[in-house]
Amino acid sequence: MDAVLLSRLQFAVTVGFHFLFVPLTIGFALLVAVMETLYVRSGDTRYKSMAKFWGKLFIINFVLGVVTGLTMEFQFGTNWSEYSKFMGDIFGSPLAIEALMAFFLESTFISIWIFGWERVSKKVHLFAAWMVALGTHLSAIWIIVANGWMQNPVGYVLRNGRAELVDFVAVVTNSYAWYMYFHVILSAYVLSGFVVLGICAYHLLRGRHVEFFQKKLSLWPRNCFNRSSGRCSYGPL
């Protein structure tokens with residue numbers, strides 16, 4: 001194998017792991033924010049427990065996404081240094097904005113969310129949850145803007161042997177990028193929903209914490225569960 005093929009294999013493995021966690025992060029962030037909103041509005045502590053439970057899974061995915069994402073960033077400068085040199089003016093701009101705008105927003109408010117229980121007011125804590133959710137969606141925008149330019153280059157000229165940015169608005173409003181964005185976001189919601197359903201079904205079928213997981217599955221049939229055994233009777237939906 002030559003260096004190019006090895007670089008492609010390494011980068012493919014990194015991206016593959018990275019994208020396992022990022023869609024779940026996007027979906028779980030929104031889920032946690034909604035659960036905490038229901039808790040603040042209703043005062044039902046079961047929603048608080050749900051926010052904490054799914055929040056732990058969100059944090060795990062967030063950390064793994066950051067680790068794999070940083071590895072991928074380093075590979076832009078090692079495996080693909082010539083590529084970065086050729087079009088770094090364009091490709092690097094959305095990545096820099098993603099780090100400064102979205103990632104810093106996420107990392108700042110996620111610390112408040114993790115350590116702020118019982119230390120800040122409910123509304124401040126809820127605001128932090130929604131800022132984290134906003135940050136994940138903003139992060140997706142700028143990453144996909146960068147990727148969208150790779151698929152459909154716009155707003156640039158070739159000068160001095162490099163691609164140079166001449167129209168930043170054209171890069172941001174790239175129609176290909178926005179088609180990709182809505183596809184990825186909706187896919188993240190679907191993926192997260194199926195993961196939540198799978199986790200809930202796993203515990204319900206084993207009769208563990210039935211009330212907790214049954215409440216999460218608000219569309220589950222009310223007569224499905226036998227209260228004495230805590231198991232589903234598999235009645236008609």
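Residues are numbered from 1 along each chain as its sequence is written, and side-chain values use heavy atoms, with hydrogens and water left out. Because the model is predicted, local features need pLDDT of at least 70 and side-chain atom pairs count only at pLDDT 80 or more, while totals for chains, interfaces and linings use all residues.

The protein contains 7 helices and 4 strands, where helices (H or I, at least four residues) and strands (E, at least two) are DSSP runs numbered from the N terminus. Along the sequence, these elements follow the pattern α-α-α-α-β-β-α-α-α-β-β. Of the 237 residues, 41% count as buried; buried means under 20% relative accessible area, exposed over 50%, and partly exposed in between (1.4 Å probe, protein chains only). The accessible surface comes to about 13,700 Å², and 67% of this surface belongs to carbon and sulfur atoms. Accessible areas come from the Shrake-Rupley method with a 1.4 Å probe, and for residues only the protein chains shown count as cover. Among contacts (heavy atoms within 4.5 Å) between residues at least 6 apart in sequence, 71% join residues at least 24 apart.

Side chains of opposite charge can pair when their charged atoms come close. With a salt bridge taken as a side-chain nitrogen of Lys or Arg within 4 Å of a carboxyl oxygen of Asp or Glu, the count comes to 4 salt bridges. One of them joins K48 and E118, with the closest N and O atoms 2.4 Å apart. K48 lies in helix 2 (residues 45-78) and E118 in the loop between helix 3 (81-115) and helix 4 (122-151), so this pair ties together parts that are 70 residues apart in sequence. K48 is buried at 14% relative accessible area, whereas E118 is exposed at 64%.

A salt bridge also forms between R162 and D89, whose closest N and O atoms are 3.1 Å apart. R162 belongs to strand 2 (residues 162-165) and D89 to helix 3, so the pair ties together parts that are 73 residues apart in sequence. Both residues are partly exposed, R162 at 24% and D89 at 35%. In the salt bridge between D44 and R46, the corresponding distance is 3.0 Å; D44 is buried at 19%, and R46 is partly exposed at 34%.

On the surface, M1, L5, L6 and L9 form a nonpolar patch with about 410 Å² of accessible area together. Patches are made of residues with over 30% relative accessible area and no salt bridge, with like charges joined within 9 Å and nonpolar side chains (Val, Leu, Ile, Met, Phe, Trp, Tyr) within 5 Å. L9 is located in helix 1 (residues 3-42) and is partly exposed, at 42% relative accessible area.
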